[in-house]
Every structure is written in C-alpha cells, then in structure tokens.
Amino acid sequence: MRKFSLMFTAVLAACGGSSPMSSGGGGNVTPGASATMLDYRFSPETLRVAVGTLVQWSNGGTTDHTSTRDAAGVWNSNAVAPPGPPPMTCPYPPCEGTPAGTFAFKFTTAGTYPYHCAFHGQTLGMKGVVIVGP
C-alpha cells in the first residue's frame, strides 16, 4: 500500500497544475507532506510545509472522512474512503484489502490554512491546520 501511495504522489507531482486534485499553478512541487485520517483525527494535526508542496491525505480508518478547508471554496476532498476488506477471492486471512482513498492539494501561497472533516469536524473535533511558509 505504501508503494501505491508513493507512486500516486509521484504521478500527481508530475501532473502539476493539470491534476483535478491539485490547486493548480505552475512552478516546482516540494514532495513529501502527508497526513492520515484515522480514529476521528488528522495525524499530524499540524503540517508545516513550503510553498509549492503537494500535501496528500489518506484514510487509514474505518469510515469515510474529508479534508475540507474552513474557508469555503478553497479545497474539499469530498468523501475519502477507508481501506476496504480483502477481496472475496482471498483464500484465507490475512490478505491485503483495497488501498485507502487519498486526496492531494498543492499549496501555492504562504499562509495558515485550518481545515476539518465535514462529517466529524463539528461533532468530534476532527480538525487540522496546514502552515505554508516561503
């Protein structure tokens, strides 16, 4: 699954602003920033990245989550699915299940970006922040 995640990030970085999951904009992308949606929290809750960084969220839990910017219209991942169960063709456990869903967003402007899970932010306090520096 980690290999898939790294490949996915590399493909997104290569696509730059043409990716539907990217914020757009030209320039170089700084790889390597990621957060996990797990147990009704983001881990880490605070990410510090440089301008041009592609941040990837992956769901490692058991329920759908989102990565949604507090300010409307900046980014919203919609539902990111958790890893699925092993396929029915699994002869006996343990077999690998389907990979977790992911969402990525490229930060092109310095600033502080608070975000939340649209499903669990208000009720369970599932919140995070991305701090983008020059």
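## Aromatic pairs and cluster

Rings of Phe, Tyr and Trp (for Trp, the six-membered ring) pair if their centres lie within 6.5 Å; planes under 30 degrees apart count as stacked, over 60 as edge-to-face and the rest as tilted. This is a predicted model: local features need pLDDT of at least 70, side-chain atom pairs count only at pLDDT 80 or more, and totals for chains, interfaces and linings use all residues. Residues are numbered from 1 along each chain as its sequence is written, and side-chain values use heavy atoms, with hydrogens and water left out.

The structure holds 10 aromatic pairs. In one of them, the ring centres of Trp-75 and Tyr-113 lie 6.4 Å apart with planes at 50°, so this pair is tilted. The pair links distant parts of the chain, 38 residues apart: Trp-75 sits in the loop between β5 (68–69) and β6 (102–107), Tyr-113 in strand β7. Trp-75 and Tyr-113 are both buried. Buried means under 20% relative accessible area, exposed over 50%, and partly exposed in between (1.4 Å probe, protein chains only). One aromatic cluster is formed by Phe-42, Trp-57, Trp-75, Phe-103, Phe-105, Phe-107, Tyr-113 and Tyr-115.

## Overall fold

The protein chain has two helices and eight strands. Their order along the sequence is α-β-β-β-β-β-β-β-α-β. Helices (H or I, at least four residues) and strands (E, at least two) are DSSP runs, numbered from the N terminus.

Of the 134 residues, 38% count as buried. The chain exposes about 7500 Å², with 59% of that supplied by carbon and sulfur atoms. Areas come from the Shrake-Rupley method with a 1.4 Å probe; for residues, only the protein chains shown count as cover. Contact means heavy atoms within 4.5 Å. Among contacts with a separation of 6 or more, 56% come from residues 24 or more positions apart.

## Strand β3

Side chains alternate along β3 (residues 46–50).

β3 runs parallel to β8 (residues 127–133), joined by five bridges. Two strands pair if DSSP finds at least two bridges between them. Thr-46 has Val-129 as its bridge partner in β8.

## His-120

His-120 lies in the loop between β7 (111–116) and α2 (121–124). His-120 is buried, at 11% relative accessible area.

Leaving aside neighbours within four places in sequence, His-120 contacts Tyr-40, Thr-63, Asp-64, His-65, Gly-125 and Met-126. Tyr-40 is 80 residues from His-120 in sequence, yet 6.8 Å away in space, C-alpha to C-alpha.
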